[in-house]
Amino acid sequence: MQLYYSSTSPYSRKVLVFAYELEIIDSLELIQVHPFDDPIELRQNNPLGKVPTLILDNGEPLYDSPVIVNYLQILANKTAFSVEDFVSQNRLQALGDGIMDAALSLVLENRRTQEQRSPFWQQRWEESILRSLKDFEEKYINDAQQWHIGSIAMVCSLDYLLFRLPINDWTQKYPKSANWFQVMMERQSMKITDPRN
Ligand SMILES: N[C@@H](CCC(=O)N[C@@H](CS)C(=O)NCC(=O)O)C(=O)O
């Protein structure tokens with residue numbers, strides 16, 4: 001299988017970390033692309049032009065990241081979990097992915113000229129990140145104590161905030177999340193996928 005990815009894409013990192021943790025990373029041929037340069041081979045496989053995109057052994061493309069994650073989970077035979085675990089893990093994945101969506105929108109908005117930027121949308125995206133951080137600290141951090149797709153999505157989204165955005169005061173504001181984050185970042189799969197490398 002081939003995985004089109006970008007080392008700075010938090011969605012790609014989530015899939016890579018998940019594949020490392022499932023110990024199936026060696027079955028992926030990693031192809032680094034820059035989606036905003038419109039690489040033709042990516043567009044031919046994914047009309048949305050986004051990473052991550054997985055190419056199966058039969059040549060069929062698969063996207064987006066939660067779908068790729070499901071596929072890898074089936075491949076690795078790791079789909080047996082309780083209804084409660086399904087809910088808590090997938091809710092956290094959606095929360096992490098949603099933080100990535102809002103953060104990526106802010107990053108792209110910051111690349112536009114001052115006149116082109118929309119204060120309305122900037123504020124809306126920032127508020128959705130702040131509400132999500134608060135909910136994680138107050139409601140969901142206990143769901144993230146094990147390594148699963150939900151905790152992986154959350155740690156990748158929080159590190160993306162530190163990597164790309166000035167909304168970094170969450171580490172002071174949310175001490176439980178900050179401690180949790182530090183422990184999670186020690187994991188080998190997080191170190192080798194660090195976008196700063
Ligand atoms: N919902 C998608 C989001 C993927 C995504 O937005 N990837 C970004 C990179 S971080 C991208 O490839 N953007 C290219 C574009 O929008 O043209 C997923 O979970 O895979």
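## Two domains

Domain bounds here come from an automatic or database domain assignment. On that basis the protein chain splits into domain 1 (2-75) and domain 2 (83-189). Taken over C-alpha atoms, the centres of domain 1 and domain 2 are 21 Å apart. A quick word on what you're looking at: residues are numbered from 1 along each chain as its sequence is written. It's a predicted model, so local features need pLDDT of at least 70 and side-chain atom pairs count only at pLDDT 80 or more, while totals for chains, interfaces and linings use all residues.

Where the domains meet, 10 residues of domain 1 are in contact with 11 residues of domain 2 (contact means C-beta atoms, placed from the backbone, within 7 Å). On the domain 1 side, H1 and H3 each bring at least two residues, and H1 gives the largest share, eight residues.

## The overall build

The protein chain has nine helices and four strands; these are DSSP runs numbered from the N terminus, with helices being H or I of at least four residues and strands E of at least two. Along the sequence they follow the pattern β-α-β-α-β-β-α-α-α-α-α-α-α.

The C-alpha trace spans about 45 × 45 × 30 Å along its principal axes. Buried residues make up 32% of the 197 residues, where buried means 20 or more other C-beta atoms, placed from the backbone, within 10 Å of a residue's own.

## The sheet

The four strands form an open sheet in the order S2-S1-S3-S4, with mixed pairing. Two strands pair if DSSP finds at least two bridges between them. Strand S2 (29-32) and strand S4 (61-62) are the edge strands, each pairing on one side only.

Inside the sheet, strand S1 (residues 2-5) and strand S3 (residues 53-55) run antiparallel, joined by three bridges. Tyrosine 4, for instance, has threonine 53 in S3 as its bridge partner.

## Helix H4

Which residues of H4 are buried? Among them are Ser88, Leu92, Leu95, Ile99, Met100 and Leu106. The buried residues of H4 pack against helix H1 (10-21), helix H3 (65-75), helix H5 (119-140) and helix H6 (149-164).

Conventions. Buried ≥ 20, exposed ≤ 12 C-beta atoms within 10 Å, placed from the backbone. Contact = placed C-beta atoms within 7 Å.
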